[in-house]
Amino acid sequence: MSYLSHFRDLLAYVYIPVVQKELDVFRKCVWNNHRTRKQKGKELPAGVPEHIYHFPEKYGGEQCGFPITKEQLLEVAEASGICECIVDFLTPEIRQECELHLPNIEEIEPADAKDAYLHLKSSVDKSVFSN
């Protein structure tokens, strides 16, 4: 493993969850709640996507979905083998070492990510990265 990949792994451990959380907030608060305009030549409803999803009949559509449980999703994922191909971006050893020093990574706020990274960089056991 190269010297630079050590830093890449630490950056990934800190910043991937931070960026994902920010993307989720953007999707929920901004993207799905912005107003879309009517598009010429398209048979798409104009309005707020979140509202269109919950009230399709107000936009000339109909509710075609049906509720499913988390257990049903897991059953289908298992049957399809999709769970087998989920790969972590860090090796188990590196993740364990990072979690030892920053156990609640999902709680890191964007403004604190730099300090979290610097703390992790100065705290981790460098020998874990020498494989």
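1. Let's start with arginine 27, which at 38% relative accessibility counts as partly exposed. Its side chain meets that of aspartate 24 in a salt bridge, with an N to O distance of 3.7 Å. Both residues belong to helix H1 and sit 3 residues apart, about one turn of the helix. Aspartate 24 is partly exposed as well, at 26% relative accessibility. Please keep in mind throughout that this is a predicted model.

2. The search of the whole structure gives 4 salt bridges. One of them pairs the side chains of lysine 21 and glutamate 109 at 3.6 Å, N to O. Lysine 21 is in helix H1 while glutamate 109 is in the loop between H4 and H5, so this pair ties together parts that are 88 residues apart in sequence. As for cover, lysine 21 is partly exposed at 23% relative accessibility, and glutamate 109 is partly exposed at 42%.

3. Helix H4 is worth a look too. Arginine 95 and glutamate 99 form a salt bridge through their side chains at 4.0 Å, N to O. The two are separated by about one helical turn, because they are 4 residues apart in helix H4. Salt bridges with shared partners join Asp88, Arg95 and Glu99 into one network. Glutamate 99 has a relative accessible area of 37%, which makes it partly exposed.

4. The largest nonpolar core has 18 residues, of which Leu10, Tyr13, Val14, Leu102 and Leu120 touch the most other members. H1, helix H4 (92-101) and helix H5 (113-123) are the elements that give two or more residues to this core. H1 supplies the largest share, 5 residues. In soluble globular proteins, nonpolar side chains tend to be buried together.

5. Tyrosine 13 links several of these themes. Setting aside neighbours within four places in sequence, its contacts are Phe89, Leu90, Arg95, Cys98, Glu99, Leu102, Pro103, Ile105 and Leu120. Both Arg95 and Glu99 from the salt-bridge network are among them.

6. What do Leu11, Tyr15, Val19 and Leu23 form on the surface? They make up a nonpolar patch, with about 330 Å² of accessible area together. Leucine 11 lies in helix H1, which spans residues 3-29. With 36% relative accessibility, leucine 11 counts as partly exposed.

7. A polar atom of the serine 80 side chain lies 3.1 Å from the backbone oxygen of alanine 77. Serine 80 is exposed, its relative accessible area being 52%.

How values were computed. Residues are numbered from 1 along each chain as its sequence is written. This is a predicted model: local features need pLDDT of at least 70, side-chain atom pairs count only at pLDDT 80 or more; totals for chains, interfaces and linings use all residues. Side-chain values use heavy atoms; hydrogens and water are left out. Patches are made of residues with over 30% relative accessible area and no salt bridge: like charges are joined within 9 Å, nonpolar side chains (Val, Leu, Ile, Met, Phe, Trp, Tyr) within 5 Å. Accessible areas come from the Shrake-Rupley method with a 1.4 Å probe; for residues, only the protein chains shown count as cover. Buried means under 20% relative accessible area, exposed over 50%, partly exposed in between (1.4 Å probe, protein chains only). A nonpolar core is a set of buried Ala, Val, Leu, Ile, Met, Phe, Trp, Tyr and Cys residues joined through side-chain atoms within 4.5 Å. Contact means heavy atoms within 4.5 Å. A polar contact is a pair of N or O atoms within 3.5 Å; within protein, one must be able to donate a hydrogen and the other to accept it, and residues adjacent in sequence count only if both atoms are side-chain atoms.
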